[in-house]
Amino acid sequence: MAMLSTASGRLSRRTALGAFLVVVASRMPAIASDGVLPAIRWAEAADAAYLGSGRIADDRAKAGLPQPAGWSAYRASLARVRQTARLDLYALTPTTPETAAALAAYHAARGERAGTSGARRAARRRLRKVFARPGAALPPRPT
């Protein structure tokens, strides 16, 4: 069996082929139905953490207490995590009716939680773009 040489040692053909397949598989888009539901849970958790920290900051401000050292950096990190979670969710395409309904429910809840017509329109616009992608499941019917 021939061996491939590398700077760190020698690799067998099987190892090189396995590494190649791992790299190729990581570059290919994952099946969306496998990732939409966990991504929704992650986005919901990030939203809840950010909103909870905002409530804490508001309560402390109303009580006249100063914010702890590093609080603004903590809030900024929560905002970045929330943005990343939302972008990751938006990048996925729902391929089953179950994931389509869950995604629509998440966006509807986000729009309602914001309480503005602009937020609801933005959520509907995002959903239209997601459901217009090739391979996307049909959007759930409005009730």
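**Close-up views of salt bridges and a buried leucine**

**View 1. The side chains of D47 and R113 form a salt bridge, with N and O 3.3 Å apart.** A salt bridge is taken here as a side-chain nitrogen of Lys or Arg within 4 Å of a carboxyl oxygen of Asp or Glu. Because D47 belongs to helix α2 and R113 to helix α4 (residues 97-114), the pair ties together parts that are 66 residues apart in sequence. Helices are DSSP runs (H or I, at least four residues), numbered from the N terminus. D47 is buried, at 1% relative accessibility, whereas R113 is partly exposed, with a relative accessible area of 44%. Buried denotes under 20% relative accessible area, exposed over 50%, and partly exposed the range in between (1.4 Å probe, protein chains only). The model is predicted: local features need pLDDT of at least 70, side-chain atom pairs count only at pLDDT 80 or more, and totals for chains, interfaces and linings use all residues. Residues are numbered from 1 along each chain as its sequence is written, and side-chain values use heavy atoms, with hydrogens and water left out.

**View 2. D47 also forms a salt bridge with R86.** The closest N and O atoms of this pair are 3.1 Å apart. The bridge links distant parts of the chain, as D47 is in helix α2 (residues 32-62) and R86 is in helix α3 (residues 71-91), 39 residues apart.

**View 3. Within helix α2, D58 and K62 are joined by a salt bridge.** The N to O distance between the two side chains is 3.3 Å. The two residues are four positions apart, which is about one turn of the helix. D58 is partly exposed, with a relative accessible area of 37%, while K62 counts as exposed at 66% relative accessibility. A search of the whole structure finds three salt bridges.

**View 4. L103 is a buried residue of helix α4.** The relative accessibility of L103 is 2%. Residues up to four places away in sequence being left out, L103 touches I40, L89, P94, L127 and V130; contact here means heavy atoms within 4.5 Å. One of these neighbours, I40, is 63 residues from L103 along the chain, and the C-alpha atoms of the two residues are separated by 7.1 Å.
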